[in-house]
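Dear colleague,

Please find below the structure that I am handing over to you.

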Amino acid sequence: MKEVEEVRSSLQELRVKLQTGKIYQSLLAEIDGVIGSIKQTPLTEVQLPNDQDGILDLIHDLRDQLSEHKLDEISNDDLLKLFQHIGSTNLFIRDKGVYFLFSDILQQQITTKKQLKMIFDLLVKDESLFPHITEPENDAIFQRSFSLMFLSTLLYIDRAGSKFIDDESKNTLVDQLVTYIALETDTRGYAGQKGWAHAYTHIGNVLDELAVDSSLVRADKLLMLAVLLVRYKRLESPLIFGEPERLASYIADLTSQNKLYSDFLLLALKNWRHELVSIQAKEDEAMWTRLYNRQRLLQALVLNPEMPKAITTYLNEENDFRF
């Protein structure tokens, strides 16, 4: 999709400039320019998985084999069929079905490293992360969001010792993740009978895994933090299902690692505070939503016991989490 490629290309250029030390102070403004130029495209029909293709029978059959300790391996075809349904709007297939089942399969170490890498490669593709992402709120959010959730699980398994994700794949993931964050505006938490969408919680999960990844350079971690902060402040729909707390946990984990990150966060928070005047110039629902999103995140930062003292001191002294 043209819009996705333009955003990805712009962020890739900024990534190189940051890695080579050509930008730092202007990073937030540069990212703001990229995100601010994103235009919403008309809503198109979302092609949902065919939930009548025997997926429930497969889930139940694999579940029964697990319960009876008869599942020693799983075929690639069955794995791929499961992941064809992570975009289902049926929570009993997507969430309570595929997610719960795959989690149990991982716990019992039934999959091979090749199979885990196969799923990683599938989830990091454009077709998994970006369908209908520039359009108004739509059902493709479940495919996008659950791709992220499974990616965070795979990153954890890799970090715990499996080591099936190579450096090139992580490099691709960083490009895809920052592009995804820049584009994602669907902030729904629990979406009625369709269950959890929760994209920004799943964003936090992936970011937290990458924050503690020693193979990533500091510039990449800085870029991911910066893109998150710029996109977050521009959201015009509320995050009220625990997302601010999840993101604050990631930010605390990252900024406690090195003063570089906490210094950059302080810079971003001060800039954000200065921007409040222009934000409040136009009083409407979007403005108040952005202000309350900001308040919830800053309160979560203050209350997180792992947050560096310099951050909490600044927020408390400036009363920066109130307005």
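The side chain of Thr-312 reaches the backbone oxygen of Lys-309 at 3.1 Å. This is a polar contact (a pair of N or O atoms within 3.5 Å; within protein, one must be able to donate a hydrogen and the other to accept it, and residues adjacent in sequence count only if both atoms are side-chain atoms). Please note that this is a predicted model, in which local features need pLDDT of at least 70 and side-chain atom pairs count only at pLDDT 80 or more, while totals for chains, interfaces and linings use all residues. Residues are numbered from 1 along each chain as its sequence is written, and side-chain values use heavy atoms, with hydrogens and water left out.

Thr-312 belongs to helix α15, residues 309–318; helices (H or I, at least four residues) and strands (E, at least two) are DSSP runs, numbered from the N terminus. With a relative accessible area of 15%, Thr-312 is buried, where buried means under 20%, exposed over 50% and partly exposed in between (1.4 Å probe, protein chains only). Leaving aside residues up to four places away in sequence, Thr-312 touches Leu-301, Val-302 and Met-307; a contact means heavy atoms within 4.5 Å.

Ser-37 is located in the loop between α2 (27–36) and α3 (55–67), and its relative accessibility of 45% makes it partly exposed.

Most residues other than glycine have a negative phi. Lys-163, however, has a positive phi of about 50°; Lys-163 sits in the loop between α8 (141–162) and α9 (167–183) and is exposed, at 55% relative accessibility. His-198 likewise has a positive phi, near 55°. His-198 lies in the loop between α9 and α10 (199–211) and is buried, at 11% relative accessibility.

As to the whole, the protein chain has 15 helices and zero strands. Its radius of gyration is 20 Å, close to the 20 Å that the globule rule gives for 323 residues, so the chain is as compact as a globular protein of that length. That radius is taken over C-alpha atoms, and the rule is 2.2 Å times the number of residues to the power 0.38. Buried residues make up 54% of the 323 residues. Among contacts between residues at least 6 apart in sequence, 77% join residues at least 24 apart.

Yours sincerely
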